[in-house]
Amino acid sequence: MNPAPMVALVGNPNAGKSALFNALTGARQKVGNYPGVTVERKAGRMSLPDGRPIELVDLPGTYSLEPASPDEQVTRDVVLGKQSGERLPSALVIVIDATNLDNHLRFALQLIGLGLPVVVALNMVDMAARDGLTIDAARLAKELGVPVIPTVAVRRRGVEELKAALSEKLIGEGATRIAAGPGIVDEDIVVLQRRARKIALATTTEEHGARRWSHRIDAIALHPVMGPALLAIILFVMFQAVFAWAQTPMDAITALFDQIGKWVDTVLPAGFLRSLLSEGVIKGTGAVIVFLPQILILFFFILLLEATGYMVRAAFMMDRVMARVGLSGRAFIPLLSSFACAVPGIMATRTIDDPKDRLTTILIAPLTTCSARLPVYTLIIGACIPARQVLPGIGLQGLVLFGLYVLGVCGALLAALVLRRTVTKGPSHGFMMEMPKYQLPSIRDVALGLWTRCLIFLKRAGTIILASNVILWVLASYPVAPAGQKQTEYSIAGHIASAIEVVVKPIGFNHNIALALPPAMAAREVAVSALATTYAIDAGDNEDATDQALSGRLSKDWPLPTALAFLMWFVFAPQCLSTIAVTRRETNGWKWPAFMVSYLFVLAYVAAGATFWIATWAGL
Amino acid sequence: MRLDQLPLNRPAKVSAIAWDEMAQTTAKRLRELGFDEGVTVEAVHVAPFGKDPIACRVGRMTVALRRAQAQQISVEAIAA
């Protein structure tokens with residue numbers, strides 16, 4: 001079989017590459033990783049106007065082909081045909097930002113110099129017009145010697161023309177050029193830059209008096225007083241929305257799983273299969289899937305902040321604060337993403353140039369409260385903290401939740417401070433970053449991003465989480481306890497838990513918590529389903545308790561100091577295999593994940609213990 | 001005058017950059033972000049806490065950098 005020709009999408013960061021990739025390929029995307037390096041490989045299928053299929057690969061955005069970071073290395077190797085696991089591209093689509101020709105043309109010139117067939121997408125021409133810039137695309141094409149197609153990727157404009165131009169290139173010179181093989185034109189970056197500037201000047205007409213929108217917005221967004229206030233408001237609204245907006249869909253999902261459970265109970269005869277399905281599979285998985293709306297809302301905000309360009313402004317404002325603990329503003333972006341999930345957060349640290357900065361950020365990322373902790377927090381707070389008003393409009397439950405988030409942030413900053421002075425000691429390399437223009441993101445791009453997240457979560461719920469639930473259920477159900485003995489103590493899982501209980505008893509944990517801890521290693525939210533499963537099994541002995549909600553049982557079963565200690569444990573404990581796995585991948589070995597897991601466990605044990613004993617002593 | 005001393009919204013020309021005094025990666029990033037002798041720069045914003053970092057306009061790009069780096073860039077005011 002003759003594989004479809006591969007075309008690579010290349011360009012500077014902030015050129016709108018991803019939006020163009022979405023516009024060209026639609027939802028037919030595959031996200032993977034290049035072998036041996038921590039660089040994401042995003043590929044998709046598109047068809048040319050004549051129906052020929054093309055494999056489009058979105059290369060990491062870089063400023064040049066000089067390899068300083070893994071991203072740049074991959075981009076360089078792919079366009080040179082040296083990347084293992086990747087063919088030499090049959091053509092390149094170079095994406096340049098019409099509002100920033102000076103800078104983007106430099107990289108474009110370097111890429112054109114390789115000698116591969118090239119089509120240039122002159123992107124964001126609408127923004128250029130808004131800024132009072134007119135670019136002569138025909139003149140630019142003549143200067144560069146390659147076709148130039150004006151596009152607005154987020155609005156899907158110019159996409160068909162781009163495909164047509166690409167189609168022509170692939171018929172015309174495709175095969176013949178590759179035989180020669182590309183070679184880097186060894187030109188100095190400064191020389192290229194000066195040439196780029198000259199071309200930009202010759203092809204751009206600037207209308208005077210046009211005000212730059214981004215500059216106007218920044219006058220407010222970066223204002224000494226309004227700027228931080230705006231950031232605080234945005235973060236507040238974000239976390240508020242996670243709770244307020246999610247309530248209705250969450251109730252609907254709970255109702256749905258209840259219905260499925262009841263249906264299974266009526267259809268199947270009582271016995272092994274019915275218990276496994278209704279107690280192990282449906283109750284367990286339902287307890288986790290219920291949090292999908294919260295996770296999606298959180299990701300929605302993160303995606304929006306990134307796509308609009310605000311995220312970099314937040315990093316800019318926070319740089320000084322991060323510098324206090326030895327990090328830079330760049331670390332703020334991965335850390336904020338970690339509120340959604342530490343895995344993409346840790347992956348986002350790839351944009352941090354300084355290796356020590358990056359390592360520190362990876363090590364502290366699990367301390368920011370990820371969305372998987374929410375299910376645990378919500379359950380325990382709902383069950384054990386009274387729904388009392390502290391001040392008008394401010395409830396005690398909300399306050400405790402807020403406190404847990406603050407604790408996570410303080411823990412992360414404190415850990416960074418200590419790490420930067422001990423294990424990751426080294427000079428600071430400062431902070432240098434392009435501040436992209438503000439942009440109205442397309443709903444389609446945000447929806448596509450959310451859809452990817454949704455699939456990843458459901459896949460996790462369907463695999464890791466489901467598997468740990470079933471295993472736990474089996475271990476907790478067998479051997480069947482004789483009358484008068486508790487099932488959760490008599491079973492295999494019960495015996496394992498009894499061994500763990502010895503270690504965690506001093507910090508106030510009971511038998512059922514000990515039972516939930518090992519499966520929660522797979523993913524934090526499993527703690528909720530594990531508790532749901534164990535209590536469901538115990539309730540099986542006692543028929544009238546079956547209908548009682550999990551939170552009702554917990555509130556009867558757990559004294560307040562235990563509940564608080566359990567919450568504290570979840571603030572610090574490294575309970576997530578995916579995080580450990582991604583840390584191993586990003587740090588290239590087991591040394592740092594092992595270190596991370598140990599320091600977090602010690603922190604969690606000490607914090608939970610201290611909380612338990614202080615709360616007991618205070619008579620709570 | 002140095003870039004960190006440049007008042008806001010006053011365009012100036014870069015007269016010299018102390019390339020030899022900075023780490024190689026820093027120099028590379030600065031060049032990639034468009035810093036070069038002879039280009040026009042303008043400080044446009046300062047961060048709210050401690051007035052550090054600063055945001056500068058270089059060409060058509062806005063670039064954030066810390067004062068420590070801005071100190072290594074010498075500028076000359078453009079006669080209005």
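A: A:Asn14 is found in the loop between strand 1 (6-11) and helix 1 (17-25) of chain A. Helices (H or I, at least four residues) and strands (E, at least two) are DSSP runs, numbered from the N terminus. This is a predicted model: local features need pLDDT of at least 70, side-chain atom pairs count only at pLDDT 80 or more, and totals for chains, interfaces and linings use all residues. Residues are numbered from 1 along each chain as its sequence is written, chains are lettered from A and ligands numbered from 1 in the order in which they are written, and side-chain values use heavy atoms, with hydrogens and water left out.

Phi of A:Asn14 is near 65°, a positive value in a residue other than glycine. Most residues other than glycine have a negative phi, and most peptide bonds are trans. A:Asn14 is partly exposed, at a relative accessible area of 33%. The cut-offs: buried is under 20% relative accessible area, exposed is over 50%, and partly exposed lies in between (1.4 Å probe, protein chains only).

A second case is A:Asn588. Its phi is near 60°, positive in a residue other than glycine. A:Asn588 is found in the loop between helix 27 (577-587) and helix 28 (591-617) of chain A. A:Asn588 is exposed, with a relative accessible area of 64%.

Now step back into helix 27 of chain A, which A:Asn588 follows. Its buried residues include A:Ile580, A:Val582 and A:Glu586. The buried residues of this helix pack against helix 16, helix 17 (355-364), helix 20 (443-477) and helix 28 of chain A.

A:Ser338 sits between helix 15 (332-337) and helix 16 (342-348) of chain A. A:Ser338 is buried, with a relative accessible area of 0%. Leaving out residues up to four places away in sequence, A:Ser338 touches A:Gly345, A:Ala365, A:Thr368, A:Thr369 and A:Cys370. Contact means heavy atoms within 4.5 Å.

Chain B has its own backbone features. Just after helix 1 of chain B, B:Gly34 takes a positive phi of about 100°. Helix 1 of chain B spans residues 24-32, and B:Ala27 and B:Leu30 are among its buried residues. The peptide bond from B:Asp52 to B:Pro53 is cis, with omega near 0°. B:Pro53 is found in the loop between strand 2 (40-46) and strand 3 (54-58) of chain B.

The two chains meet. In chain A, 44 residues are in contact with 34 residues of chain B. The area buried between chain A and chain B (accessible area, 1.4 Å probe, that two parts lose on being put together, summed over both) is about 3,300 Å², and carbon and sulfur atoms give 56% of it. In chain A, A:Phe316, A:Arg320 and A:Met432 lose the most area to chain B, together 20% of what that side buries.

Chain A has 28 helices and twelve strands. The radius of gyration of chain A is 28 Å, close to the 25 Å that the globule rule gives for 620 residues, so chain A is as compact as a globular protein of that length. That radius is taken over C-alpha atoms; the rule is 2.2 Å times the number of residues to the power 0.38. Of the 620 residues of chain A, 56% count as buried.
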